[in-house]
Amino acid sequence: MIKLIIYFLLLSTALGIYSDADVFFCYDDVTDEELSEKIKVQPLDQYIFLIVSPLAFMCTMFITYSFIKYPNTRKMPGDIVFFISLSDAILCIHWFLTACYYTTFGENPLSSGPFCQINSMFSIFAGTGEVSYNVVFCIYIRLTLKNQFKVIPKLPIILHSLAWIAMITIPLLAKFTHNNGLSIFGTCSFKYHPGFPLAGIVLVFLYTLISLYTIWYFNKAIPDDEKYRQIKDTFAKYYYRYIKGSCIIWTCEAISFTIAGFNCSYFHEGFLLIFITIGNSAKLCTPVVLSILRYNDPTIKEQVKRLWRKVWRRDNVQSELLEDDANFYDNIHQNLKFDQVNTIIFGIRAVCKSDLQLDTEEFDHINILRRYTDFKFQNDSISNSDNIKLKTNYNLTTDDFIEEILYEIDNKGTQNEKAIDLKLLQSTLTVYAPTIFQKIRDKDKKMINHLKSFDLLANQEQIKQFKGPDGGKGGAFFFFTHDNKLIIKTLSDQELAVIRKNLIPYFLHLSENETIISPIYGIYKLFRQNVEESINVVVMRNAMQIPSMYRIRTYDIKGSEHSRQVLKKNKKASEVELKKITLKDIDFQNLEQQLHIPQQYRERLRKCLINDANFFSKIKLMDYSLLIIKMDWYTYSQNNSNIKEVEIPNYFSSDLQCIPCINAVERGIYYHIAIIDYLQEWNAQKIIEKHTKKAIHANIALDTSAQNPEDYAKRFIEKVAYVII
């Protein structure tokens, strides 16, 4: 490359292609007319623009056309590639129009004239878009690999918004600060500023760092074994080439910009004008070379191949395109997610097996370490009498509540896992307070066999059917075991801290009271080898206990009325739709009014709700919900002859968790009842949420869902315990 530039310099000097008279002096105070005369597009540059621009435009539009015609290619990150290609197409039009103007009029347009002003705005807009979306692609890869168990709400909208904010803001800033117009390259874009000759090199350097970090993180996040080796090779083959190509081209542009800038500011040598030609050539190489490289993008490679066959060989491949599989990055995301779920289940099963003190040969490749943390209890609700009670009644000390066991899991797997190509990820599983949660599990061991529920082979169908997080606003991950007994749910670090801080009063409340709080059976943290991020998960009882196909209604009740309606007014939902959605307080009032349960359950249930609400108020928690699920046990028993109505209570630790409906028209319907989502503290976020909603609706008395723990408990008792029960 350097030799080629030297030969070109010598040849241009010998032929007199560039002369000192063509050099523009950046510090000269000139009018627009004089600037238009002084900055010239060299004949070689004109021909390059006129000939290469249409070719480059065709390369970019081929990709752009595939995205316009076939919607399934627009899924992220394919849409990022689309906008990069679209930006390149706009730049090609910009360069072609510049060459046409100079060829037609024999001079450059006026810097402040309408043609140059409009053309420069499009140039800056598209150039910013190209760089922004390349950076957005790196951010997307980083975020999607960071955590397979949490969805960032509206991630595509956020990433596109960041890119478009830059694409709109930078051209407007250039316009308002009078920095757009005729550049020293003879095109309409940013005016050259003598104070920033190294700006291009700095930008390329930053982009290169971001890109190399993305490659490094990808290689670190993807396991280095046979299953993922092809994935890593495919990514590396494409992305290394793309980064190398873009960095070489943009470095050429940056060096050309720098030398041309120093030349017009200090050197004033005609032969150095060759770097303007090199810079313009590099600009045109961007859409040509990078478009060719993008044809190998794993996201769109197959679509482009099929489209190419359709264009050139007239093959009918439209149906093949429409039925395309998930894109490359989706497959990576799903594979990692499945393998992490398998690893978590494997680790939890090992914990459950240790509860039973059975032979652990199945887990002989797990190294178990026991430790105590310096986690301190800062909870005013814990008294000396509680500590005495723990020791006397349960043979426990506070050390049992801060104990941790580390399960070091290798990636070899047992013969059973290998037989079904099941992959475990080399990880460390931290088990919090194992003794405490073992006691809670033992309390319900007659109704739930944890070892059976977490059988890896039996859960494979559920793992394969799992699509993604399904935890409402928080985007938490939910996994239901094959027997519908248990749920694995992700926890935020804040929720993990809440349950650990309140574990002593929580344990005592569950042990000494009749309660309908959905119990926690274990808390775990998974650390993957070589990956900085961890995953917090909690195991809880599934309120349904039988397949969801027998669910009739689901209600999430908080006692609030603001924004607590799912069904639209004057629009009747079908029975099928009602089974799929979670309804809220106002929907319950409209459809049910109250629970139709036998009188002998009513007072006990009300007392339970009051006691549980006061408990949460005492430990400063709020935002919990009463989950009410109407389940069709009659149909379930008809389809399963071994199920008898008298056996239904055996599925639950308390008869208050499954109460028969006495409505005459709802034969065999039972209410499954539990308090859920109870790990939310009254913090600054909730305070802001409360007052923001009141301000938006201009109503200081607005009954928002977010209330301080005392008011929340009071409302819950008044609106739930005494109204719907």
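This is a conversation about how to read some features of a predicted model.

Colleague: Before we start, what are the ground rules here?

Modeller: The model is predicted, so local features need pLDDT of at least 70 and side-chain atom pairs count only at pLDDT 80 or more, while totals for chains, interfaces and linings use all residues. Residues are numbered from 1 along each chain as its sequence is written, and side-chain values use heavy atoms, with hydrogens and water left out.

Colleague: OK, disulfides. How many does a search of the whole structure find?

Modeller: The general idea: a disulfide is a covalent bond between the sulfur atoms of two cysteines. The cut-off used is a pair of cysteine sulfur atoms within 2.5 Å. Searching the whole structure gives 1 disulfide. Cys-116 and Cys-188 form it, with sulfur atoms 2.2 Å apart. The pair links distant parts of the chain, with Cys-116 in helix α5 (residues 114–146) and Cys-188 in strand β2 (residues 188–190), 72 residues apart. Helices (H or I, at least four residues) and strands (E, at least two) are DSSP runs, numbered from the N terminus.

Colleague: Which hand does the link of Cys-116 and Cys-188 have?

Modeller: The link is left-handed, with -115° about the S-S bond.

Colleague: And are Cys-116 and Cys-188 buried or exposed?

Modeller: Buried means under 20% relative accessible area, exposed over 50%, and partly exposed in between (1.4 Å probe, protein chains only). Cys-116 is at 0% and Cys-188 at 1%, so Cys-116 counts as buried and so does Cys-188.

Colleague: What does the record say about the transmembrane region?

Modeller: The unreviewed UniProt entry lists residues 47–68, 80–104, 124–145, 157–176, 196–218, 239–259 and 271–293 under "transmembrane region". UniProt positions are in the numbering used here, feature names are shortened, and annotations may be inferred rather than shown by experiment. In the model, residues 80–104 are 100% helix and 0% strand, with end C-alpha atoms 36 Å apart. Residues 239–259 are also 100% helix and 0% strand, and there the end C-alpha atoms are 29 Å apart.

Colleague: On to sheets. What order do the strands of the open sheet of 4 have?

Modeller: Strands of a sheet pair through backbone hydrogen bonds, either parallel or antiparallel. Here two strands pair if DSSP finds at least two bridges between them. The order is β10-β12-β14-β13, with antiparallel pairing. β10 (551–557) and β13 (658–660) stand at the edges with a single partner strand each, so one side of each has no neighbour in the sheet. Inside, 8 bridges join β12 (residues 625–632) to β14 (residues 669–676), and Lys-630 has Tyr-671 in β14 as its bridge partner.

Colleague: Which helix packs on the sheet?

Modeller: Helix α23 (residues 599–618) does, touching β12, β13 and β14 (contact means heavy atoms within 4.5 Å). Its direction makes about 15° with that of β14. Axes are lines fitted to C-alpha atoms, for helices over the stretch in contact, and angles run from 0 to 180 degrees between N-to-C directions.

Colleague: What about strand β5?

Modeller: In β5 (residues 427–432), 5 of the 6 residues are buried, so the strand is largely enclosed by the rest of the structure. β5 pairs in the antiparallel sense with β4 (residues 403–409) over 6 bridges, and with β8 (residues 520–528) over 6 bridges. Tyr-432 in β5 stands opposite Glu-404, and Val-431 has Tyr-524 in β8 as its bridge partner.

Colleague: Last one: how many salt bridges are there?

Modeller: The rule asks for a side-chain nitrogen of Lys or Arg within 4 Å of a carboxyl oxygen of Asp or Glu, and the count comes to 18. One of them joins Arg-604 and Glu-514, with the closest N and O atoms 2.4 Å apart. Arg-604 lies in helix α23 and Glu-514 in the loop between α20 (503–512) and β8, so the pair ties together parts 90 residues apart in sequence. Another salt bridge, at 2.8 Å (N to O), is between Asp-585 and Arg-564, both of which are buried. Salt bridges that share partners also join Lys-558, Asp-623, Lys-686, Glu-689 and Lys-693 into one network.
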